[in-house]
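Let's take a walk through this model, helix by helix. Have the structure open as you read.

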Amino acid sequence: MSGDLLQELFAGRHLVPSGIDGLYGRGPLFEAVVTRLEAMIDRMVSADGAEVMRFPPGMPRRVLERSGYLKSFPDLAGAIHCFCGDERAHARLLATLEAGGDWTAATTGADIVLTPAACYPVYPAVAAAGPLPPEGRLIDVASWCFRHEPSRDPARLQMFRMREHVRIGTPEQVRHFRDAWMERASGFAAALALPARLDLANDPFFGRGGKLMADSQRDRQLKFELLIPVGSAERPTACMSFNYHQDHFGQAWDIRAAGPGGAGAVAHTACVGFGMERLTLAILRHHGLRPEAWPAPLRTALDWPAA
Amino acid sequence: MAADGQATSMSDAGILTRIRGLVGDHGQLALDVATLPDDADLYDAGLSSMATVQLMLAIEEAFDLEVPDRLLNRGTFRSLAAIGRVVTELLAATPGR
């Protein structure tokens, strides 16, 4: 694939335009790759003993607030708003709509926000279960996610799927988890015959203060990404991320390790995320849109059915 | 601010005193800022990255300056003395105040 990747994906109906940048439908080949990647990840983690949790793509507003998301990423957040008025207000809404005005001004915030990363609902769920067992916890979670960053880059979608493993425990347990996954990820990319490299990274923190936050995050080596060229070779796309949160979520939710006679130290957390659409795009970009022409090892890794 | 305004005429010691007060107000440190040596590491003293952002905004407002992008890094805010050097430099670079 070359040239305008997005146009090519539209032309082949691999992505279906909606009129809004970054908000697309998925065609049969695209979706088949996502499904088989999910199954491949299932096979890879089957012996890890993770507890599976699945949440809907919306979560309580207080989860976003208490997690500190609005301090760091206010520009990416999406909140659900609903009409809660009476019949008179409804008539005004329709009149506004008829006049081409902004009817959404007549809505009020619901207590639901769109999930920005699959792991956010995990932390309050774990905190509610009380102090951690000595071995900590390992959660397998996945969700559709939303980030308000309209773009023509097909690797930067506004709504996309993220699969994650989340480790909650002592600093040693959590760092070991992240380091082990960074080793594992290179083998994962190799199995997909994708050119990948690991690199230090930072989150897209908001504003000028965000540059400070990003510098601090890099300085402390808290985030790494698995980078694969998708839209551009110079600026490869993060298809996986490896994030050590230190005690950020532990503090926010008062997650405690087990201690003598009850709760002990504040837990540390880390998560490893797979960008399902980005990995799919990487496969289509590097191996083409005809699965019958893919290299045999890739077809094997994905357990792709014989033609 | 006029050319003979307070900020440009402020002594280095005065600047440091003011910065110490701002760190006390915005740094959310685990210890008393009054006891902190000028060159002590503020991150070791508990300055979080989020509090660093609040501190930066407070410094910009107090001294009527803007920290340029090239200085938006962890080193700028590492100690009272480091902040003092940056503030002094930025005040000197804007003689029109």
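This is a predicted model: local features need pLDDT of at least 70, side-chain atom pairs count only at pLDDT 80 or more; totals for chains, interfaces and linings use all residues.

Residues are numbered from 1 along each chain as written, chains are lettered from A and ligands numbered from 1 in written order, and side-chain values use heavy atoms, leaving out hydrogens and water.

Start with helix α2 (residues 12–26) of chain B: its axis comes within 9 Å of that of helix α3 (residues 49–63) of chain B, and the two cross at roughly 140 degrees. That makes α2(B) oblique to α3(B) (under 35 degrees is roughly parallel, over 145 roughly antiparallel, 65 to 115 roughly perpendicular, the rest oblique). On the α2(B) side of this contact (heavy atoms within 4.5 Å) sit residues including I15(B), I19(B) and V23(B), meeting L55(B), I59(B) and F63(B) among others in α3(B). The residues of this contact split into ten nonpolar, two polar and one charged.

Now follow α2(B) to helix α4 (residues 80–92) of chain B, where the axes come within 9 Å and cross at roughly 120 degrees.

Finally, F63(B) and L37(A) touch the most other members of the largest nonpolar core, which has 113 residues (buried nonpolar residues, under 20% relative accessible area with a 1.4 Å probe, joined through side-chain atoms within 4.5 Å). Helix α2 (residues 28–45) of chain A gives the largest share, eight residues.

Terms used: Axes are lines fitted to C-alpha atoms, for helices over the stretch in contact, and angles run from 0 to 180 degrees between N-to-C directions. Helices (H or I, at least four residues) and strands (E, at least two) are DSSP runs, numbered from the N terminus. Ala, Val, Leu, Ile, Met, Phe, Trp, Tyr, Cys and Pro count as nonpolar, Asp, Glu, Lys and Arg as charged, and the others, Gly among them, as polar. Buried means under 20% relative accessible area, exposed over 50%, partly exposed in between (1.4 Å probe, protein chains only).
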